[in-house]
Amino acid sequence: MKTLSRLLRSPEAVAGFALLAGMAAMALLAPLLFPADPLAIAGPPLTPPFETWQHVFGTDRLGRDVLAGLFHGARTSLAVGLAAAAAAIVAGSLIGTAAGFAGGLADEALMRVTDAFQTVPAFLLALAFVSVAGPSLTTVVAAIALGAWTGPARIARAEILSLRERDFVAGARVVGMHPVEIALREVLPNALPPVLALSSVIVAGAVLIEASLSFLGLGDPNRVTWGGMIAEGRTVLRSAPFLSIIPGIALVLTVLGVYLAGEGVVEASAARRSFA
Amino acid sequence: MIRIRTLILRRLVGAIPVLAIVSVGGFFLLEAAPGDAVDAYVAGIGGDAQMIDELRQAWGLDRSAAARLGFYLWSLAHLDLGQSVTFSRPVLDVVLERLPNTLLLMGSATALSFSVGSLLGLFAGSRPGNFRDRFLSIGSLALYAVPGFWLGLVLTVIFAVQLRWLPVSGIETIASGKQGVERGLDVARHLVLPVASLGFIYLALYLRVMRAGMAEAWRMDFVLAARARGVPRRRSAVRHVARNALLPLVTMLGLQSAAMLGGSVVIESLFSVPGLGRLAQEAVSARDTPLLLGIILTSAVMVILINLVVDCLYALLDPRVGASEASA
């Protein structure tokens with residue numbers, strides 16, 4: 001409760017959560033407010049924004065409604081961002097925990113694999129994976145997670161290494177708990193907070209990589225994406241720059257919301273810890 | 001100097017297993033791709049069944065997966081990255097041809113983000129918590145939330161389409177016949193927008209690291225001592241606090257190299273800069289997996305080398321680094 005009230009006192013954190021709530025509302029309300037297929041033609045092509053009530057943000061080259069695209073694009077962006085970050089954090093913490101507990105050769109091997117993944121630029125890795133596996137929502141999520149799990153893995157391992165020498169772990173061993181049970185029930189929950197502190201950066205990175213992939217035409221072709229809308233608008237950048245600019249603003253606001261909210265949570269919980 | 005030589009040696013030895021893992025991973029990526037190199041080759045120029053069989057034999061594609069992996073790693077050890085399907089030339093030649101443009105782009109973008117970022121970080125960190133600091137901190141966060149390709153498009157609309165100050169794409173004016181300094185200026189004009197779109201985003205990172213380092217350094221004993229001696233706040237901000245905060249920024253240089261290489265894929269594609277990143281995008285759209293793999297391996301080598309240089313720089317700046325390793 002204290003953390004929550006501290007959170008509400010920081011204007012940055014409040015702004016961040018408001019932005020995220022707005023984006024989440026857009027994503028959830030998209031099928032209710034715009035039940036028609038957002039990829040279908042809705043009106044005359046290249047209607048400028050703020051001209052008719054029917055198409056407040058105008059229409060694109062093919063006559064598709066930009067506002068409907070924004071709402072449906074929020075679904076894709078948030079879904080991919082959250083799913084990829086969740087996959088990366090779960091996989092990373094498990095691998096890091098395994099490395100930290102196993103020690104020796106297994107630890108060394110896992111850490112060299114982590115090094116290798118960190119040496120290849122995450123975006124190139126995602127590009128290669130999607131180009132081989134074919135663009136779909138699941139492959140995009142997997143491709144992004146593939147480049148993002150190393151951070152959580154390293155932090156989880158470092159936490160495990162310091163935690164496993166503590167008394168409560170020795171106690172669990174003495175009462176005869178199975179090593180896997182100790183790892184998952186005693187140590188991992190204590191190692192998680194620092195890993196979760198990374199989550200806002202990972203979600204933001206995932207949203208940005210998804211946008212870049214779909215900008216290059218490697219997003220799921222059956223879904224509206226903000227990156228895809230920006231790429232679409234690029235063909236008429238001279239005559240109708242709004243088509244690229246509007247979805248980009250949505251993208252910036254989403255990522256900014258994630259950063260601000262994440263920073264707010266970390267600061268509020270750090271303050272709680274220092275007072276305790 | 002023994003200290004630095006030991007450091008280089010250790011890093012190079014450590015790079016071998018990492019590169020081996022990247023290579024094996026890349027091999028499986030090649031295997032997972034639909035069709036093999038011969039299919040892609042024949043799709044481009046045509047050929048009958050007999051020719052396909054002969055090519056498979058010549059390229060060793062008729063053997064088992066383990067034998068192919070061995071053959072692949074053996075060729076890599078001889079710096080043979082295979083044949084590019086779209087260019088019908090060795091992958092290494094194509095990659096090396098494009099590398100200088102990417103290095104130029106990345107170098108300029110890094111210089112921009114490092115210099116402007118650390119300067120703004122100095123402003124923000126000289127009085128942590130005041131209005132200027134809060135403004136710069138939130139502004140940098142907002143900047144960091146901007147996707148590079150979108151910033152590039154917005155800058156294009158303003159400076160190339162509306163104001164017509166700068167060219168929209170390419171690395172130089174085609175067939176301009178310019179030489180020497182004039183050609184250099186032409187390339188510089190073409191690089192302004194790509195460098196700005198790539199560099200401005202990472203600027204935020206340097207700003208934040210600098211600011212955080214300074215905020216911490218203000219509480220250190222020697223800074224308090226200097227202030228107590230009567231050293232003016234402004235002077236100790238630069239001479240004591242900022243100098244201490246600069247060291248972590250050098251580490252960021254290495255850490256950011258992989259991210260910037262990834263970012264250059266989109267930026268080079270957007271501005272048609274003929275570099276490694278645009279080559280990656282071309283390889284993807286032409287389904288040229290050997291070329292894509294070659295680019296990934298080259299990027300990994302580049303990231304390792306950049307980090308090596310940064311580590312040496314760090315060791316030169318901070319005599320404590322590597323001292324224990326050399327004496328051990």
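Figure 1. In chain A, 69% of the contacts with a separation of 6 or more are between residues 24 or more positions apart. The model shown here and in the following views is predicted. Chain A contains 12 helices and 0 strands, and its elements follow the pattern α-α-α-α-α-α-α-α-α-α-α-α along the sequence. Of its 276 residues, 50% count as buried.

**Figure 2. Packing of helix H7 against helix H9 in chain A.** Helix H7 of chain A covers residues 150–163, and helix H9 of chain A covers residues 179–197. The two helices pack at an angle of about 135°, and their axes lie 9 Å apart. Because of this angle, H7(A) is oblique to H9(A). The crossing of H7(A) past H9(A) is right-handed. On the side of H7(A), the contact is formed by A:Pro152, A:Ile155, A:Ala156, A:Glu159, A:Ile160 and A:Leu163. H9(A) contributes A:Val187, A:Asn190, A:Ala191, A:Pro194 and A:Val195. Sorted by class, the residues in this contact are 9 nonpolar, 1 polar and 1 charged.

**Figure 3. The contact between chain A and chain B, seen on the side of chain A.** Chain A brings 36 residues to the contact, and chain B brings 39 residues. Five elements of chain A each supply at least two residues to the side that touches chain B: helix H4 (104–119), helix H5 (122–133), helix H10 (199–215), helix H11 (226–234) and helix H12 (242–275). H12(A) gives the most to this side, with 9 residues. By class, the side of chain A that touches chain B consists of 25 nonpolar, 6 polar and 5 charged residues.

Figure 4. Chain B has 13 helices and 2 strands. Taken along the principal axes, its C-alpha atoms fill a box of roughly 85 × 60 × 35 Å. Chain B has 328 residues, and buried residues make up 38% of them. Among the contacts in chain B with a separation of 6 or more, 73% are accounted for by residues 24 or more positions apart.

How values were computed:
Residues numbered from 1 in each chain as written. Chains lettered and ligands numbered in written order. Predicted model: local features only at pLDDT ≥ 70, side-chain atom pairs only at ≥ 80, totals over all residues. Contact = placed C-beta atoms within 7 Å. Helix = DSSP H or I, 4+ residues; strand = E, 2+ residues; numbered from the N terminus. Nonpolar A, V, L, I, M, F, W, Y, C, P; charged D, E, K, R; others polar. Buried ≥ 20, exposed ≤ 12 C-beta atoms within 10 Å, placed from the backbone. Axes fitted to C-alpha atoms, helices over the stretch in contact; angles between N-to-C directions. Parallel < 35°, antiparallel > 145°, perpendicular 65-115°, else oblique. Left-handed = near helix turned anticlockwise from the far one by under 90°.
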